[in-house]
Amino acid sequence: PFANVQYTIDGVTNTVATNAAGMYSFTATTGSTVSIQPAGQTGYTATPPSRTITSIGSNTVGQDFTLATAANFGLVSGTVSGLADNSNRIITYLANAVTQTVRTGIGGTYSFPAPSTGTVQITPPTVSGFTPTPAVINQNNIGTGGIANQNFVYA
């Protein structure tokens, strides 16, 4: 799931994190004008790119986005396992000198788009009392086809 959603209510911009299933919510005053868009990560194309609600009602639902990997990017994916709860963990990755984060989904799965050329360094979540194997993953030139099975196991 995408890590963050940015929203603007009557000209004031805020960011809310998504949960492990990619769901988000925030509170707005009935009648407000609200703009919503995915935020915080490169390498994705969102459909639609943003949503605007001109007079928000109570419990407005269905403001969803479909995300696809952008051109010249490949999808990196893997799993975090070995913890009592593997979901909603933060994976940090460095791609072409830009550091970003992504949350693990239900079951500990994660994915993110990375530039098809260059080095990608993936760092697992820090969990007190547990050690991940491997400690870090480095991949070079993943291509537009991406790379799967970039897994971390905790003991």
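The model is predicted, so local features need pLDDT of at least 70 and side-chain atom pairs count only at pLDDT 80 or more, whereas totals for chains, interfaces and linings use all residues. Residues are numbered from 1 along each chain as its sequence is written, and side-chain values use heavy atoms, with hydrogens and water left out.

Threonine 104 is located in the loop between β9 (98-103) and β10; strands are DSSP runs of E of at least two residues, numbered from the N terminus. Threonine 104 is classed as buried because its relative accessibility is 0% (buried, under 20% relative accessible area; exposed, over 50%; partly exposed, in between; 1.4 Å probe, protein chains only).

An open sheet of four strands with mixed pairing has the order β10-β7-β14-β12. Strand β7 (residues 73-81) runs parallel to β14 and is joined to β14 by two bridges, two strands being paired if DSSP finds at least two bridges between them. Serine 81 has valine 153 of β14 as its bridge partner.

Valine 153 belongs to strand β14 (residues 152-154) and is partly exposed because its relative accessibility is 44%. Apart from neighbours within four places in sequence, valine 153 contacts Ser81, Thr131, Pro132 and Thr133 (contact, heavy atoms within 4.5 Å). Valine 153 and threonine 131 are 22 residues apart along the chain, and their C-alpha atoms are separated by 8.2 Å.

Elsewhere, strand β1 (residues 4-9) and strand β2 (residues 12-17) run antiparallel and are joined by six bridges. Isoleucine 9 has valine 12 in β2 as its bridge partner. The hairpin of β1 and β2 has two residues between the strands, and aspartate 10 takes a positive phi near 45° there.

The bond from threonine 47 to proline 48 is cis, with omega near -10°, and proline 48 is placed in the loop between β4 (44-47) and β5 (51-53). The bond from threonine 133 to proline 134 is likewise cis, with omega near -5°; proline 134 is part of the loop between β12 and β13 (137-140).

In the loop between β13 and β14, asparagine 141 has a positive phi of about 45° although it is not a glycine. Asparagine 149, also in the loop between β13 and β14, has a positive phi of about 60°. Asparagine 149 is exposed because its relative accessible area is 62%.

The largest pocket has a volume of about 620 Å³. A pocket is an open set of points on a 1 Å grid over the protein atoms alone, where a 1.4 Å probe fits, with protein on both sides within 12 Å along at least five of seven lines; lining residues have an atom within 4 Å of a point. The volume is the space filled by probe spheres set on the points. The lining comprises 26 residues, of which Tyr24, Ser25, Thr60, Gln63 and Asp64 lie nearest the centre.
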